[in-house]
Amino acid sequence: MALTLKDYQSKALGAIETFFEAVRGARSLPAVEAAFVSARRTALGESAPRVPYRPLSNQLGTVPQVCIRIPTGGGKTLLAAHAIERAARLYVGTESPLALWLVPSNTIRAQTLDALKMPGHPYREALLQYFPA
């Protein structure tokens with residue numbers, strides 16, 4: 001049973017799309033930073049407070065990172081399932097991506113894995129929408 005995304009979820013995915021479109025082909029940290037600033041401005045408007053781009057490390061400065069703030073119970077895992085397709089299509093340019101799914105605890109890992117394995121679960125359905133079995 002595929003879930004219909006809420007407005008804020010669609011907007012968050014739109015922000016991710018904008019960032020991946022802008023950052024594709026960036027070969028330097030300043031280019032990644034510029035893509036981040038541009039995508040953030042597009043998503044939040046000109047009046048949004050300025051926030052610097054913070055790479056995970058200087059050695060990985062050209063590997064784009066994105067963090068979307070979604071409240072507890074707001075569908076972060078569902079958004080992650082939809083975001084994989086955006087990253088694959090808009091940044092990597094592949095139809096068969098490899099995703100590293102990081103979770104804060106073994107309990108969350110087990111719950112997420114069970115949901116992804118369960119036919120009909122919204123997380124699995126989101127992935128199957130883009131990557132049929």
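## Salt-bridge network

Glu17, Glu85, Arg86 and Arg89 are joined in a network of salt bridges. The model is predicted. Its salt bridges number 5.

Two of the pairings share Glu85. Arg89 bridges to Glu85, with the closest N and O atoms 2.5 Å apart. These two residues lie 4 apart in helix H3, so about one helical turn separates them. Glu85 also pairs with Arg86, where the closest N and O atoms are 3.9 Å apart.

## Burial within the network

Glu85 and Arg86 are both buried. Glu85 has a relative accessible area of 12%, and it counts as buried because that value is under 20%. Arg89 is partly exposed, at 40% relative accessibility.

## Packing of H1 against H3

Helix H1 spans residues 7-23 and helix H3 spans residues 76-92. Their axes come within 9 Å and cross at roughly 25 degrees. H1 is therefore roughly parallel to H3, as the angle is under 35 degrees. The crossing is right-handed.

On the H1 side, the contact includes Ala12, Leu13, Ile16, Glu17 and Phe20. On the H3 side, it includes Leu79, Ala83, Arg86, Arg89 and Leu90. By class, the contact has 10 nonpolar, 2 polar and 4 charged residues.

## The Arg41–Glu46 pair

Arg41 forms a salt bridge with Glu46. The closest N and O atoms are 3.6 Å apart. Arg41 is partly exposed, with a relative accessible area of 30%. Glu46 is exposed, at 60%.

Conventions
Residues are numbered from 1 along each chain as its sequence is written. This is a predicted model: local features need pLDDT of at least 70, side-chain atom pairs count only at pLDDT 80 or more; totals for chains, interfaces and linings use all residues. Side-chain values use heavy atoms; hydrogens and water are left out. Axes are lines fitted to C-alpha atoms, for helices over the stretch in contact, and angles run from 0 to 180 degrees between N-to-C directions. Angles under 35 degrees count as roughly parallel, over 145 as roughly antiparallel, 65 to 115 as roughly perpendicular and the rest as oblique. A crossing is left-handed if the near helix is turned anticlockwise from the far one by less than a right angle, and right-handed if clockwise. Contact means heavy atoms within 4.5 Å. Ala, Val, Leu, Ile, Met, Phe, Trp, Tyr, Cys and Pro count as nonpolar, Asp, Glu, Lys and Arg as charged, and the others, Gly among them, as polar. A salt bridge is a side-chain nitrogen of Lys or Arg within 4 Å of a carboxyl oxygen of Asp or Glu. Buried means under 20% relative accessible area, exposed over 50%, partly exposed in between (1.4 Å probe, protein chains only).
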